[in-house]
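Please look over the sequence and the model shown here before reading on.

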Protein chains: 2
Amino acid sequence: MIKVVAKGTYLDGKAEEAIELYKELVFETRKEDGCISYSLFRDVKNSSVLTMIEEWESQEALDAHMKTEHFTRIVPIISKLRINSELNIYELVM
Amino acid sequence: MIKVVAKGTYLDGKAEEAIELYKELVFETRKEDGCISYSLFRDVKNSSVLTMIEEWESQEALDAHMKTEHFTRIVPIISKLRINSELNIYELVM
């Protein structure tokens with residue numbers, strides 16, 4: 001199992017716009033083979049921080065995800081709304 | 001549900017030492033009321049990065065966790081092994 005934490009800090013007022021865009025990305029992604037979970041979270045202390053926390057059956061499933069039509073169309077638009085982003089890909093230790 | 005992502009970058013060679021310390025913290029924490037999940041992950045590209053990803057039933061359960069004997073004893077020791085750490089507390093958006 002591969003765990004992904006994709007954290008973004010958004011420009012003022014742009015987090016809401018990103019959430020709208022994420023709706024389609026979440027809907028389509030959850031249908032993909034190998035997608036265990038794909039959920040969007042918001043920092044309780046800083047509403048400009050949105051983080052996608054994902055679980056994939058394999059690195060291959062994650063790689064395929066990043067080549068899908070919905071990912072390659074939507075993520076570039078979302079990334080224009082961000083000040084910065086941070087992506088960590090994890091494996092379980094315990 | 002409250003989601004916590006506690007990410008740490010460890011001093012050279014200290015991640016293994018931290019993992020040993022985390023064993024007791026994970027064992028004790030999973031027994032706590034309100035703890036839904038409490039799992040340690042390692043970055044696949046940077047083995048000096050360890051991240052605890054947690055789910056709690058409520059902020060109150062998380063607050064109680066941070067006052068437990070095992071947390072207050074073990075976490076300060078682990079934090080001496082880190083270069084830096086980053087804690088985000090999240091609520092689910094979708």
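## Terms and basis

Two strands are said to pair if DSSP finds at least two bridges between them; helices (H or I, at least four residues) and strands (E, at least two) are themselves DSSP runs, numbered from the N terminus. Because this is a predicted model, local features need pLDDT of at least 70 and side-chain atom pairs count only at pLDDT 80 or more, whereas totals for chains, interfaces and linings use all residues. Residues are numbered from 1 along each chain as its sequence is written, chains are lettered from A and ligands numbered from 1 in the order in which they are written, and side-chain values use heavy atoms, with hydrogens and water left out.

## Chain A

Chain A holds 3 helices and 4 strands, which follow one another from the N terminus in the order β-α-β-β-α-α-β. Its radius of gyration, taken over C-alpha atoms, is 13 Å, close to the 12 Å that the globule rule (2.2 Å times the number of residues to the power 0.38) gives for 94 residues, so chain A is as compact as a globular protein of that length.

Within helix 3 (residues 69-79) of chain A, A:E69 and A:R73 lie 4 residues apart, about one turn of the helix. These two residues form a salt bridge (a side-chain nitrogen of Lys or Arg within 4 Å of a carboxyl oxygen of Asp or Glu), with their closest N and O atoms 2.6 Å apart.

## Where the chains meet

In chain B, 27 residues are in contact (heavy atoms within 4.5 Å) with 27 residues of chain A. The two chains bury about 2,500 Å² between them, 66% of it on carbon and sulfur atoms, where buried area is the accessible area (1.4 Å probe) that two parts lose on being put together, summed over both. B:F41, B:Y90 and B:M94 supply 28% of the area that chain B buries against chain A, more than any other three residues.

Strand 2 (residues 35-43) of chain A pairs with strand 4 of chain B in the antiparallel sense, over 3 bridges, and B:Y90 in that strand of chain B is the bridge partner of A:D43.

## Charged pairs across the interface

Side chains of opposite charge can pair when their charged atoms come close. Across the interface of chain B and chain A there are 2 salt bridges, and the side chains of B:K7 and A:E86 meet in a salt bridge at 2.6 Å, N to O. Over all chains, the whole structure has 16 salt bridges.
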